[in-house]
Amino acid sequence: MGTWDIGHFDNDTAADFSGTLDDAAESERPGILREALLRVVGTDDYLDSDEAVEAVAAAALVAAQCPGGEAVTTPYGPDEPVPELPADLRMLAVEALDRTLKKPSELMELWDETDAGPAWRAGIAGLRKVLAEAGPPQG
């Protein structure tokens with residue numbers, strides 16, 4: 001994985017994921033995000049870093065639509081707009097972030113081997129906080 005910084009889109013895999021979203025019809029983008037999150041939530045086995053990176057990027061896009069969420073403004077994020085996302089993706093994104101930080105997780109291990117690991121974890125914690133505070137869907 002080519003990584004140049006700790007941001008949620010600052011690596012080749014996340015940038016490619018953004019390209020996949022841009023290439024998809026607007027109506028398909030929520031489903032692509034859901035699939036990326038479900039792939040991570042659904043594994044108890046060794047979590048591949050590419051799957052975790054895509055889930056983190058998806059979680060960042062979900063969090064961007066939550067109160068207190070930060071817009072994804074990096075040039076490596078999607079160029080095309082992400083439509084309003086279903087509220088149930090918030091808690092799914094929380095679960096995916098939690099799984100990313102649970103052993104066995106290649107992405108977590110890779111970051112923990114670097115000096116930037118604590119800053120990366122802080123970024124994940126910030127996403128999680130925004131998503132958790134937005135809460136599950138009302139109704």
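Predicted model: local features only at pLDDT ≥ 70, side-chain atom pairs only at ≥ 80, totals over all residues.
## Helix α3

Helix α3 has 15 residues. From its first C-alpha to its last it reaches 21 Å, close to the 21 Å expected at 1.5 Å a residue.

Of the 15 residues of α3, 12 are buried, so the helix is largely enclosed by the rest of the structure. The buried positions are S49, A52, V53, A55, V56, A57, A58, A59, A60, L61, V62 and A63. The elements that cover them include α1 (12-23), α2, α4 (89-100), α5 (106-112) and α6.

## Packing of α2 against α3

Helix α2 covers residues 29-41 and helix α3 covers residues 49-63. Their axes come within 8 Å and cross at roughly 130°. An angle of 65 to 115 degrees would count as roughly perpendicular and one over 145 as roughly antiparallel; α2 and α3 are therefore oblique to each other. The crossing in which α2 passes α3 is left-handed.

On the α2 side, the contact is made by L33, A36, L37, R39 and V40. On the α3 side, E51, A52, E54, A55, A58, A59 and L61 take part. By residue class, this contact of α2 with α3 has nine nonpolar, no polar and three charged residues.

## Packing of α3 against α6

Helix α6 spans residues 117-134. The axes of α3 and α6 are 9 Å apart, and the two helices pack at an angle of about 45°. They are therefore oblique to each other. Here too a handedness can be assigned: α3 passes α6 in a left-handed crossing.

The α3 residues in this contact are V56, A59, A60, V62 and A63. Those of α6 are I124, L127, V130 and L131. The contact of α3 with α6 divides into nine nonpolar, no polar and no charged residues. A59 is listed in the contact of α2 with α3 and also in that of α3 with α6.

S49 is placed in helix α3. With a relative accessibility of 6%, S49 counts as buried. Leaving aside its neighbours within four places in sequence, S49 is in contact with E106, L107 and L110. Helix α5, which runs over residues 106-112, is among the elements that cover the buried residues of α3.

V56 also lies in helix α3, and its relative accessible area of 4% makes it buried. Apart from its neighbours within four places in sequence, V56 is in contact with H8, L97, T100, L107, I124 and L127. Of these, I124 and L127 belong to the α6 side of the contact between α3 and α6. V56 and G7 are 49 residues apart in sequence, and their C-alpha atoms are 9.9 Å apart in space.

P67 is found in the loop between α3 and α4. P67 counts as exposed, with a relative accessibility of 65%. Leaving aside its neighbours within four places in sequence, P67 is in contact with V130 and A134. The C-alpha atoms of P67 and V130 are separated by 7.3 Å, although the two lie 63 residues apart along the chain. V130 is also one of the α6 residues in the contact with α3.

E133 lies in helix α6. At 59% relative accessibility, E133 counts as exposed.

## The segment before α1

N11 lies in the segment before α1. N11 is buried, with a relative accessible area of 6%. N11 and R128 are 117 residues apart along the chain, and their C-alpha atoms are separated by 20 Å.

## A cis peptide bond

Most peptide bonds are trans. The bond from K103 to P104 is cis, with omega near -5°. P104 lies in the loop between α4 and α5.

Terms used:
Residues numbered from 1 in each chain as written. Heavy atoms only, no water. Axes fitted to C-alpha atoms, helices over the stretch in contact; angles between N-to-C directions. Helix = DSSP H or I, 4+ residues; strand = E, 2+ residues; numbered from the N terminus. Parallel < 35°, antiparallel > 145°, perpendicular 65-115°, else oblique. Left-handed = near helix turned anticlockwise from the far one by under 90°. Contact = heavy atoms within 4.5 Å. Nonpolar A, V, L, I, M, F, W, Y, C, P; charged D, E, K, R; others polar. Expected span 1.5 Å × (residues − 1). Buried < 20%, exposed > 50% of the residue type's maximum accessible area, 1.4 Å probe, protein only.
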